[in-house]
Amino acid sequence: ATAGKVIKCKAAVCWAPKQPLSIEEIEVAPPKAHEVRIKIVATGICRSDDHVIEGEISGIKYPLILGHEAAGIVESVGEGVTDMKPGDKVIPLGIPQCGKCKCCLNPYSNLCYKNDLEKYSGMLLDNTSRFTCKGKPVHHFIGTSTFSEYTVVDDIAVAKIHQDAPLDKVCLFGCSFSTGYGSAVNTAKVKPGSTCAVFGLGGVGLSVIIGCKAAGASRIIAVDLNSDKFAKAKEFGATDFINPKDYDRPIDEVLTEMTEDGVDYAFEVIGNTGVMTSALKSTHFGYGKTVIIGLAPSTATISFDPMLILTGRVLTGAILGGFKPKDDIPKLVSDYLNKKFEFDGLVTHRLPFMKINEGFELLHKGDSIRTVLTV
Ligand code: CND
Ligand code: ZN
Ligand code: ZN
């Protein structure tokens with residue numbers, strides 16, 4: 001009944017940096033060719049959304065609708081959409097998969113040319129927005145904009161998932177779980193018996209731990225300034241716990257000592273360039289691998305002694321855990337339904353969508369891992 005019509009609904013609009021999101025009535029235009037309009041059912045709060053609210057990411061255009069970790073149901077599809085129909089369960093994708101560009105064709109990359117990660121145009125692929133509020137256009141965020149009752153996405157930026165999937169759980173495949181787990185198994189390719197260090201124990205960092213454990217790591221060192229995070233880290237498989245506040249020397253020295261010259265794999269899951277350098281320094285010469293996952297403020301840069309790399313350490317990074325999202329996320333959801341992995345403990349809070357700012361407060365206070373909003 002709504003197909004082809006403008007939908008009026010509620011969304012959390014970010015009008016400008018450094019202020020709470022504002023619940024507004026917005027208009028969501030119908031999907032154009034190769035677009036899909038989705039009724040969002042559940043959406044998680046990720047630190048990346050918060051980086052934008054805090055004004056740390058340059059190039060972002062305000063006002064915009066944030067949110068990139070969600071699951072929902074197709075409401076209607078535009079012309080030419082053949083792989084989805086109204087009623088299908090779906091996960092919007094923060095990076096698309098066009099299947100045709102050099103990165104999509106490269107088996108080792110998932111960074112489709114059609115992504116909006118560095119440019120932050122805030123538009124769909126036809127370079128227009130489907131949202132308006134109070135007569136003004138509102139930008140999209142990395143093609144997902146899930147902090148809304150309805151959103152429109154490009155059809156290359158949405159994955160159709162199994163009809164039995166519980167949307168209030170599998171929403172985490174939109175970001176945290178896929179990002180963390182994939183960073184361990186795809187990007188680092190953690191080997192059985194290895195030692196891993198994970199810096200930052202939020203929803204993404206704990207998912208890295210799940211991935212390291214699944215890959216057979218025998219020692220997983222969890223590092224966080226907030227010791228309250230250690231209990232969950234232990235639950236997911238961490239074996240050692242380090243709070244840098246308990247030491248009066250650089251944390252890489254502590255780690256190198258603990259592990260006889262350094263860890264096999266280090267993961268930075270905070271977005272702090274100082275920690276990125278510590279992570280690199282904590283890896284073993286000759287073969288240690290560091291994976292950057294955290295999103296640092298746009299103005300930040302890293303500097304380190306090139307000898308660290310010359311002597312064989314590897315520094316890399318990935319978005320969404322290196323998964324080719326349109327192909328891989330439906331498979332991950334099916335694996336989850338077949339109980340191949342378990343991550344329900346990542347969700348510490350559930351709130352109605354209208355309480356979204358309370359969810360961000362929990363994140364700021366360090367009280368939550370993931371808050372899932374029911375839309
Ligand atoms: P969240 O804020 O929940 O977790 C970060 C953790 O780091 C918290 O537990 C903090 O206590 C801890 N921490 C902060 N500073 C330090 C420090 N100096 N030393 C040790 N621990 C510290 O964040 P999240 O898990 O939602 O996200 C983590 C990062 O990953 C964040 O930067 C986010 O923007 C980024 C990210 C990347 C990707 C990707 O595709 N690569 C996807 N989503 C999020
Ligand atoms: Zn592509
Ligand atoms: Zn995220």
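**Figure 1. Pairing of strand 1 with strand 2.** Strand 1 and strand 2 run antiparallel and are joined by 7 bridges. Within this pairing in the predicted model, Lys 8 has Glu 27 of strand 2 as its bridge partner. Strands of a sheet pair through backbone hydrogen bonds, in either a parallel or an antiparallel manner.

**Figure 2. Pairing of strand 2 with strand 6.** Strand 2, residues 22–28, and strand 6, residues 131–133, are paired in the antiparallel sense over 2 bridges. Val 28 has Phe 131 of strand 6 as its bridge partner, and Glu 27 is partnered by Thr 132 of strand 6. Glu 27 is also the bridge partner of Lys 8.

Figure 3. An open sheet is formed by 4 strands in the order 1-2-6-7, with antiparallel pairing.

**Figure 4. The largest nonpolar core.** The largest nonpolar core comprises 87 residues. The members that touch the most other members are Phe 147, Val 170, Phe 173, Val 190, Ile 209 and Phe 267. Helix 5, spanning residues 203–214, contributes the largest share of this core, with 6 residues.

Figure 5. A separate, second core consists of 12 residues. Among them are Ala 197, Ile 251, Leu 255 and Val 275.

Methods: Residues numbered from 1 in each chain as written. Chains lettered and ligands numbered in written order. Predicted model: local features only at pLDDT ≥ 70, side-chain atom pairs only at ≥ 80, totals over all residues. Heavy atoms only, no water. Core = buried A, V, L, I, M, F, W, Y, C linked by side-chain atoms within 4.5 Å. Buried < 20%, exposed > 50% of the residue type's maximum accessible area, 1.4 Å probe, protein only. Pairing = 2+ DSSP bridges.
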